[in-house]
Structures are given as C-alpha cells and as structure tokens.
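Colleague: Hi, I've just opened this one and I'm new to it. Could you walk me through it?

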Amino acid sequence: MTVLRLRDFEIHQRYFAPEAQARLVDTLRDVLSKAPLVQPVTPRGTPMSVRMSAAGMYGWVSDRKGYRYELVHPSGVPWPPIPDSLIEMWRDVVPDARAPECCLINWYDETAKMGMHQDRDEADLTQPVVSVSLGDEGLFRMGNLTRGGKTESIWLRSGDVVVMAGDARRAFHGIDHIRPNSSTLLPKGGRINLTLRVVT
Ligand code: SIN
Ligand code: FE2
C-alpha cells in the first residue's frame, strides 16, 4: 500500500487487498438487497448517471425536493448498518474523527460520471469524508475551494481509499469517467464508490 498526497487529498492506494475487496462486495450485496440502488434526479429533475443507495443512520438523497440526508430509503425502510470492515478502515485512516453516520453507495456503469461538486450537506465540515473505490477504475478530478481553476486527476483503482480532510474536505471534485473492463472484481463490470461521512 502506498499513500499519496495530492492537494490535501490523501490517497491510500490498494488499502483493501483483493480478498478484502471481494468480502466487502459480498457484504454490499446484502446491503443493496435491503436498500436497492435508485437512479436519483437533481432538484431540477435531470436524472443523475450514477445509481445510489446508502448504509448507516442517514442516507444522502436527491430528488425534486432537493439534496438532503434522510433516515430511511425512498421505499420507507431504514438504511442497513455500515459494514464493520468500513468502520474499521475509518478508525484506521481518520482516528480523530467522530463515527461515520452515512455510507453513500454510488454505482457507475460504463457511461456514468459525477460532475465537479463540493460535499457540503453535512452539519460539521471539520469532519472528514472518506471514500472507497471498488471495481473498474475511475478518473478522479481534484479542484479548488471555488469552482474552476487548475485541476489535477488520478485514476482511482479498486481498493483505493481517499481521505478528504483539511482543505480537501471543501474542495471541488468529481469523476470524469470510468475505465470499463479494468477490473474483474464485479462480474458485470462497473464501479462502486462508497463515501463515509459524519452527517450531524
Ligand atoms: C463523490 O464525490 O461523491 C464520488 C467520488 C467517487 O466516485 O470517487
Ligand atoms: Fe463528493
């Protein structure tokens, strides 16, 4: 495992070994059977290209009513608990942080992307955001505290963990596109990104 630092983003390459990734995917299958992926729309009604679900006390949702955290899946069921291996990883990489209250699950098919944005729907922006990549590689773009300006990109690979703390916590970031068939972890291909956050 190598830890890289790019503009305050801390990238733990291959934090999860292949066997740990496979176990995590099995656990996520169970989570998604209880809280299925949905295709969200933006507040203006445009469908997002990723499909989403969540685990933890809160899930982040987007629909015509806006972006927000909810205590239940759109079907009305509570979000399943955050898998233990993710809680352990959080304690390891951000030992001083409060416990995570949301694990957002984003699923990218071969055409999905995520536009440049800031994560700012949480009440305490001093708490870090930690992301995990699984499956196909995704081109992660890191920007600035305001929209625009120079950016830097890195391919996130399966098992990589990104810590967004300090200035990176409020920096713009996004996924330009994924690299189809770059991993054999997910039988049908695609990319899963998990983002752990403290919400309250
Ligand atoms: C996000 O910023 O919400 C997702 C980032 C990623 O997919 O790696
Ligand atoms: Fe984000």
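This is a predicted model: local features need pLDDT of at least 70, side-chain atom pairs count only at pLDDT 80 or more; totals for chains, interfaces and linings use all residues.

Colleague: OK. How many aromatic pairs turn up in the whole structure?

Modeller: A search finds three aromatic pairs. One of them is F9 with F140, an edge-to-face pair with 5.7 Å centre to centre and 80 degrees between the planes.

Colleague: Which charged residue sits over the ring of W155?

Modeller: R179 does, with its charged end 3.9 Å from the ring centre. There is also R191, which lies over the face of Y108 at 5.0 Å from the ring centre.

Colleague: Switching to the sheets. What is the strand order in the open sheet of seven strands?

Modeller: The order is β1-β2-β11-β8-β13-β6-β3, and the pairing is antiparallel. At the edges you have β1 (2-6) and β3 (51-55), each of which pairs on one side only. On average, neighbouring strands of this sheet are turned by 20 degrees against each other, direction ignored.

Colleague: How many bridges join β8 to β11?

Modeller: Four, between β8 (residues 129-135) and β11 (residues 161-164), and these strands run antiparallel. To find the spot on screen, look for S131, which stands opposite V162 in β11.

Colleague: Which strands does helix α1 lie across?

Modeller: Helix α1 (residues 18-34) lies across β3, β6 (102-108), β8 and β13 (191-197). The helix runs at about 100 degrees to β8.

Colleague: Now α2. Which of its residues are buried?

Modeller: In helix α2 (residues 84-93), the buried ones are L86, I87, M89, W90 and V93. They cover an arc of only 160 degrees around the axis, so they are on the same side of α2.

Colleague: What do those buried residues pack against?

Modeller: The buried residues of α2 pack against β2, α1, β6, β8, β11 and β13.

Colleague: And which exposed residues are on the face turned away from the buried side of α2?

Modeller: That face carries D84, E88 and R91.

Colleague: Back to sheets for a moment. What is the order of the four strands in the other open sheet?

Modeller: That one goes β7-β12-β9-β10, with antiparallel pairing. Its edge strands are β7 (114-117) and β10 (152-156), and each pairs on one side only. Neighbouring strands here are turned by 25 degrees against each other on average, direction ignored.

Colleague: How many bridges are there between β9 and β10?

Modeller: Five bridges join them, and the two strands run antiparallel. If you want one to look for, the bridge partner of M142 is E152 in β10.

Technical notes
Residues are numbered from 1 along each chain as its sequence is written. Chains are lettered from A and ligands numbered from 1 in the order in which they are written. Side-chain values use heavy atoms; hydrogens and water are left out. Rings of Phe, Tyr and Trp (its six-membered ring) pair if their centres lie within 6.5 Å; planes under 30 degrees apart count as stacked, over 60 as edge-to-face and the rest as tilted. A charge sits over a ring if NZ of Lys or CZ of Arg is within 6 Å of the ring centre and within 35 degrees of the ring normal. Two strands pair if DSSP finds at least two bridges between them. Axes are lines fitted to C-alpha atoms, for helices over the stretch in contact, and angles run from 0 to 180 degrees between N-to-C directions. Contact means heavy atoms within 4.5 Å. Buried means under 20% relative accessible area, exposed over 50%, partly exposed in between (1.4 Å probe, protein chains only). The arc is that of the directions from the helix axis to the C-beta atoms.
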